Amino acid sequence: MHNAFWDHLKEQLSATPPDFSCALELLKEIKESRLRSEIEEALDTELLGRKAEHGALNVPLLSKYILDMMTLLCAPVRDEAVQKLENITDPVRLLRGIFQVLGLMKMDMVNYTIQSLQPHLQEHSIQHERATFQELLNKQPSLLDHTTKWLTQAAADLTTPLPTCLDASDSATVACSSPNEAVGSPEPLSPTMVLSQGFLNLLLWDPANEEFPETLLMDRTRLQELESQLHQLTVLASVLLVASSFSGSVLFGSPQFVDKLKRVTKNLMEEFDSRPEEAMQTVSEQVSQEIHQSLKNMGLAALSSDNTASLIGQLQNIAKKENCVRSVIDQRIHLFLKCCLVLGVQRSLLDLPGGLTVIEAELAELGQKFVSLTHHNQKVFGPYYTEILKTLIPPAQALETEVEPL
């Protein structure tokens, strides 16, 4: 090693408090070199070949050495597999088992290497994407115009109250208001709030609007897929919410019953996009049948003809975009996704708004995809967003000076 390394090591150990990072790295290298020497000496192929020719090769002893070395080098998850090999006495079975476990250990090392490199690869990707965009921006200064308009609209949305749904026909099923709707003056705007609102607005994007933000063009297809998934979950949760009000707590407390209703609804999701009225008519009939049959199987009172007609009617009304149940569920899923951006997915799942607990697993998947997409995008384009938001939020009103990671 160069003298510079030893000088650096001396400085670290003389510091207050001492820094042992270089010393530990050196010890690790010594350990690896020693192990390499021991393995090369014990598994000298020429020596082993000569022993085999003279019938002096001690296979059990050699196998024990290999197993000891595997125990030393393998990940904790493979300890049990290596221990099982120690009980095998048949040499053929033992060697076969050794090769199988070595194959698993090799995959463990590959996975570990990939995980170790992932942060560096992500950082390289971020820097590459940003540099590429900057080159385009240098050639076309107006390249952020649509992005600026997108964030301007997001800021305006935060100062404009949401319309209230007043569908009297569904008022008995669910109160038509946002579950945690704030009352009073709006909070001061912050870059994080505006950016979160902007990302949420992308899930409501009008396909006819060609002014899609330039910084998200590469993610547009994935955002459309998330929008479709959100739409399906809105219909699914709406169906389950209506069904729960007619099923009763005992019946709806059965996971098997809820899963059956989920399957009925999910199977018709593709048809819903093109023919919502027909799809919901089929769903309403099948859900009604499932409720009737399940009530009968559990020895519970059957629905009256009036309740059955009301159940079918409310389910069919979900086909309408302005349906109150559907509107509230849609607002609550958006609220959940907003919480995911601010608090993270796991914390947001701890306090789900009413009507969403039955689709918790589906929401977790949607939330994770949405957060991953927006987090990477913000890492790449955060500096551009910060400069734009400085022009949108008055200094006296801003809670922060730059965009913080979501």
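Q: Why is K149 called partly exposed?
A: In this predicted model, K149 has a relative accessible area of 46%. Buried means under 20% and exposed means over 50%, with partly exposed in between; K149 is therefore partly exposed.

Q: What makes the contact between E211 and K149 a salt bridge?
A: The side chains of E211 and K149 meet at 3.1 Å, N to O. A salt bridge requires a side-chain nitrogen of Lys or Arg within 4 Å of a carboxyl oxygen of Asp or Glu, so the pair qualifies.

Q: Why is E211 counted as partly exposed?
A: The relative accessible area of E211 is 30%. This value falls between the limits of 20% and 50%, so E211 is partly exposed.

Q: What makes R78 and D108 a salt bridge, and which parts does the pair tie together?
A: The side chains of R78 and D108 meet at 2.8 Å, N to O, and the limit is 4 Å, so the pair is a salt bridge. R78 lies in the loop between α4 (59–73) and α5 (79–85), and D108 lies in helix α6; the pair therefore ties together parts that are 30 residues apart in sequence. Both R78 and D108 are buried. A search of the whole structure finds eleven salt bridges.

Q: How do you know that K390 and E387 are separated by about one helical turn?
A: K390 and E387 are three residues apart in helix α17 (residues 360–392), which means a separation of about one helical turn. Their closest N and O atoms are 3.4 Å apart, within the 4 Å limit, so they form a salt bridge. K390 has a relative accessible area of 49% and is partly exposed. E387, at 49% relative accessibility, also counts as partly exposed.

Q: How do you know that the span of helix α14 agrees with expectation?
A: Helix α14 (residues 305–317) has 13 residues, which at 1.5 Å a residue should span 18 Å. The end C-alpha atoms of α14 are 18 Å apart, so the two values agree.

Q: Which residues of α14 are buried, and what places them on the same side?
A: The buried residues of α14 are T308, L311, Q314 and L315. They cover an arc of only 135° around the axis, which puts them on the same side of α14. These buried residues pack against α9 (220–247) and α13 (276–297). On the other side of α14, S305, D306 and A309 are exposed.

Q: Why does L95 count as partly exposed?
A: L95 has 38% relative accessibility. Because this value lies between 20% and 50%, L95 counts as partly exposed. L95 is located in helix α6 (residues 91–139). Together with F99 and L102, L95 makes a nonpolar surface patch of about 290 Å².

Q: How many helices and strands does the protein chain have, and what share of its residues is buried?
A: The protein chain has 17 helices and zero strands. Of its 406 residues, 36% are buried.

Technical notes. Residues are numbered from 1 along each chain as its sequence is written. This is a predicted model: local features need pLDDT of at least 70, side-chain atom pairs count only at pLDDT 80 or more; totals for chains, interfaces and linings use all residues. Side-chain values use heavy atoms; hydrogens and water are left out. Helices (H or I, at least four residues) and strands (E, at least two) are DSSP runs, numbered from the N terminus. Buried means under 20% relative accessible area, exposed over 50%, partly exposed in between (1.4 Å probe, protein chains only). Patches are made of residues with over 30% relative accessible area and no salt bridge: like charges are joined within 9 Å, nonpolar side chains (Val, Leu, Ile, Met, Phe, Trp, Tyr) within 5 Å. Accessible areas come from the Shrake-Rupley method with a 1.4 Å probe; for residues, only the protein chains shown count as cover. The expected span of a helix is 1.5 Å times one less than its number of residues. The arc is that of the directions from the helix axis to the C-beta atoms. Contact means heavy atoms within 4.5 Å.
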